[in-house]
Amino acid sequence: MTTADVETNWSGNLVYSAARSVAPRSVEELQEAVEGASAVKARGSRHSFTDIADTTGLAVDTAALPAPFEVSADRTSVRIGGGARYGEVAAALAAEGLALANLASLPHISVAGAVATGTHGSGVRNRSLSAAVRGIELVDGRGELRSFLRGRDAEFEGAVVNLGALGIVTALELDVEPAYEVRQTVYEDLPWEALQANPADVFGAGYSVSLFTDWVSPTVGQVWVKQRTDEQAAPPDLFGALPATRDRHPLPELGAENCTLQLGVPGPWHERLPHFRLEFTPSAGEELQSEYLLPREHALDAIAALRALGPAIAPRLFVTEIRTVAADELWLSPAYGRDSVALHFTWHRDPKGVGALLPELERSLAPFDPRPHWGKVFDATQVAGRYPRAEQFLDLRGRLDPHGLFLNAFLRRTLIP
C-alpha cells in the first residue's frame with residue numbers, strides 16, 4: 001500500500017485527525033487494513049464540509065482501488081469502482097451511448113461519497129443520486145466483503161445512504177439509460193410574486209431547475225432551467241423572467257468560463273446537467289456549505305421565513321440555490337419518503353460567523369421538518385428522530401461493524417443515541 005498525505009478537506013475548514021492514511025490498491029489490501037485498524041474511515045474526493053469522514057485512526061484513500069467499468073448485457077446498469085468520480089463515469093458512459101438520470105452541480109465529486117451522504121441534483125421527478133444505486137459492495141467492520149442488491153436484500157435500502165458507518169465501499173452498480181441531450185437556459189429576475197403564485201410551474205419548467213438568490217434582492221436573481229431535447233422546449237420567458245443574453249455564473253459578479261454552456265445550446269447530458277465543467281475547478285474552496293431538505297408542500301412558507309431572515313443571512317452568503325428532489329425509499333436519505341425542496345447555502349468561509357447564524361436559521365426552518373444534508377455544515381445534533389428507519393439502520397450498523405471501527409465524532413453527535 002502507498003501512503004496518502006492529505007490533511008484537510010476540499011474547503012480547508014476541517015483538518016483531518018487521522019494518525020495515518022493508506023491508499024490500498026486491491027480489495028484484499030483494503031481488507032488487511034480494516035482488520036488491523038482500531039478506527040478507520042474512507043476518504044473520497046474530500047468534498048464534505050462536516051467531519052463525517054474523519055477519524056483519529058486510519059484514513060483510507062479510495063482513489064487507488066480497482067476501477068471497473070462494466071456495462072450489463074442488457075445495457076441497463078454499470079458497475080464501477082469505489083473510488084470513481086462522477087465526471088469520469090459520465091464520460092465513459094457517454095462514449096457507450098448511455099447516461100445517468102441525473103448529476104449533481106459538481107462532476108468532480110466521488111460517486112461513493114455522494115451516494116453515502118444522499119447528495120442530489122434537481123428536478124421534480126428526479127430522485128437523489130443514491131436512488132440510482134442498484135447494488136453496493138463494501139468491506140465491513142470484520143474485514144469481510146459484503147454485497148447488497150435491490151430486490152434481493154431486505155436491508156438494501158439501509159445500506160446505500162450509509163454515512164460511512166457500515167464499511168468502505170469497493171464497488172457500485174448504477175442504473176443507466178440511453179444517452180440524451182440537454183439544453184440549458186438561464187432566466188434572470190424572476191419576481192418573488194410569480195414564484196409564490198406559480199411554484200409548480202416554476203419548479204417544473206424543465207427536467208432540472210435551480211433558483212439562485214441572496215434573500216435580500218427584490219427578485220430571484222437567476223433560474224437555471226435544463227431541458228431534455230426529447231421533451232419540452234424552452235419558453236420565451238418565465239413568468240416575467242427573461243433569458244440571459246450571455247452565459248452566467250450563479251454569482252453575478254463572476255465570469256462563466258467554468259460553467260456549463262447555456263443560451264439554449266443543446267449538448268450531451270453530462271455537459272449540461274452539472275452547473276460546472278469537469279475541466280475546471282469551480283472555486284478555490286474558500287467557502288462553506290449548508291443544505292436542508294424539507295417536504296415540498298412547505299416550500300413557499302420556508303422561503304418566506306428565510307426572506308424574513310435575509311438581512312442576517314446575506315452578509316455571510318455567496319448565494320443560495322433552491323432545488324426540488326423526488327422522494328426515495330433509502331433509510332437515511334434526506335428525501336426519504338417525501339418529495340422535497342432543497343435549500344442550499346454557499347457561505348463565505350467564516351466558520352465562526354456561520355456557526356453563530358445556523359441556530360437562528362434552523363429555528364426558522366424548524367416548523368417545516370428539515371433534514372440537513374449529511375455532508376454540509378449544520379448545528380443540529382441527534383437528528384436520527386427525523387428518519388423513521390433510523391433505528392433499523394443502527395441495528396444494521398451494529399451487525400456490520402460490531403466493534404465500532406467506523407464510528408466517529410460525527411456519527412456519535414448526530415445519529416448514535
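The stops below go from a strand to salt bridges and then to a helix residue.

This is a predicted model, in which local features need pLDDT of at least 70 and side-chain atom pairs count only at pLDDT 80 or more, while totals for chains, interfaces and linings use all residues. Residues are numbered from 1 along each chain as its sequence is written, and side-chain values use heavy atoms, with hydrogens and water left out.

Select strand β3 (residues 58-61) to begin, where L58 and V60 on one side and A59 and D61 on the other are all buried; buried means under 20% relative accessible area, exposed over 50% and partly exposed in between, with a 1.4 Å probe and protein chains only. Helices (H or I, at least four residues) and strands (E, at least two) are DSSP runs, numbered from the N terminus.

Next, select R248 and E188, whose salt bridge has its closest N and O atoms 2.0 Å apart; the term requires a side-chain nitrogen of Lys or Arg within 4 Å of a carboxyl oxygen of Asp or Glu. R248 is buried, at 9% relative accessible area, whereas E188 is partly exposed at 22%.

Finally, select T414 in helix α11 (residues 409-414), a residue buried at 1% relative accessible area. Beyond its neighbours within four places in sequence, T414 is in contact with residues including W374 and F378, contact being heavy atoms within 4.5 Å.
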